[in-house]
Amino acid sequence: MNINRLRDQLDSVDDEILQLFMSRMELVDQMIALKNQNGVEPQAFPAREHAVLARIARQSVPGYAPYAKALFSTILNASYTHQSRPNHAGEGALVKEIRAALQAAPHCAFSPRPMVAYQGVQGGFAQVAADRLFPGTDCLQCKDYPAVFSAVEKELCQFGVVPLENSAYGSAGEVYELLRAHKFFIVRAIRVIKRYALLSRPQTELPGAFEVFAQPKAVGDCSAFLRTLPGARITVCDSDEQAAALALSSEHASAALVPHAFGERYGKEMRIQAVESKESVTRYACIAKKLAIYPDAKKISLMLSVPNEQGTLCALIERFAALEANLTKLESRGLDDSGRQIPVFLDLEAPLGSPEMLALLDELSYGPEKMTFLGNYAEQEDV
């Protein structure tokens, strides 16, 4: 027997599996109709699922049992999501909103100089991100992330710029929760390379600075550089402004480690030395109150909450893999306060307007995953 004949046999078995799967889904449709007649809402039955998977494992050849359980777990998940469609007819509100945004996308364009809110100080990384997204635009500085969202909510600003994640520290959980709470959307993103500078008074001799003032993240990003300052004492500060002020007013040899763009504000008073830091990149999102999809949008961002049960996260990934989506981010945040759900942040690249993708998002929007659609947008690289 040659390999081609074996492949032909595999194809025949696949055809039989497909026919059996379709027969099973027809039975699911009959169950849906029966539940609708009796006013029964679809719901998951973990005990039933566990019993089915246990039976499959017992009846499988021992070496194949894990694969058989994974296969049937996917089948059961497909059955449940199929049952979960509202009245099994029509598209949900989310998909209708996405379709409207996609239809308007070819005519969608950013204002040349919109009002933008960000958290932090002038010259900080958030302001750098805002300026690179919208060169020369007017910005509103905010004390914290809730204030950024409030400025957009009250329409004081058209957009807000907030961090989504950092290559060293992970996702900004607070920002994601604010996106969910305000029902805001990501309309653009940019990856900003964090470039630092050491500020010191002209008379301070480097690398012999006695004390270096810096924020905790600056210390982490520039740890290799700080080790090249023999005998330097690191003093952690609450802000870049505080670090610069302490270095400027200190009576002994000192310096401040701050974002390079921020340090340029002190060019007349202090010496600026560029710092080689380990590669640290922060993704910043441009957020808006209403869903808008602009040309060249490729990335899709979602927040989900999967049940704390064996195989649920794997089953979720399989559903996107079946659509040949390129998962670019998958991060879980541990159990929520109830101990029953696991929050998941997910980014992918896939055609949002494909019927298959819209159908999956439609199912997830009212399924147990508690999905929040965060947007479809383009992401630009730092220069």
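In the predicted model, L361 is found in helix 13, which covers residues 355-366. With a relative accessibility of 0%, L361 counts as buried, because the term applies to residues under 20% relative accessible area. Leaving aside residues up to four places away in sequence, the contacts of L361 are with L94, I98, L302, L352, M371 and F373. F149, by comparison, is 212 residues from L361 along the chain, and the C-alpha atoms of these two residues are separated by 25 Å.

Together with V61 and Y67, Y64 forms a nonpolar patch on the surface, and the accessible area of the three residues together is about 390 Å².

At the level of the whole protein chain, 13 helices and 15 strands are present. The radius of gyration is 27 Å, well over the 21 Å that the globule rule gives for 383 residues, so the protein chain is more spread out than a compact globule. Taken along the principal axes, the box filled by the C-alpha atoms has dimensions of roughly 80 × 50 × 45 Å. Buried residues account for 43% of the 383 residues, and the accessible surface of the protein chain comes to about 20,500 Å², with 53% of this area belonging to carbon and sulfur atoms. Of the contacts between residues at least 6 apart in sequence, 74% join residues at least 24 apart.

Technical notes
Residues are numbered from 1 along each chain as its sequence is written. This is a predicted model: local features need pLDDT of at least 70, side-chain atom pairs count only at pLDDT 80 or more; totals for chains, interfaces and linings use all residues. Side-chain values use heavy atoms; hydrogens and water are left out. Helices (H or I, at least four residues) and strands (E, at least two) are DSSP runs, numbered from the N terminus. Buried means under 20% relative accessible area, exposed over 50%, partly exposed in between (1.4 Å probe, protein chains only). Contact means heavy atoms within 4.5 Å. Patches are made of residues with over 30% relative accessible area and no salt bridge: like charges are joined within 9 Å, nonpolar side chains (Val, Leu, Ile, Met, Phe, Trp, Tyr) within 5 Å. Accessible areas come from the Shrake-Rupley method with a 1.4 Å probe; for residues, only the protein chains shown count as cover. A salt bridge is a side-chain nitrogen of Lys or Arg within 4 Å of a carboxyl oxygen of Asp or Glu. The radius of gyration is taken over C-alpha atoms; the globule rule is 2.2 Å times the number of residues to the power 0.38.
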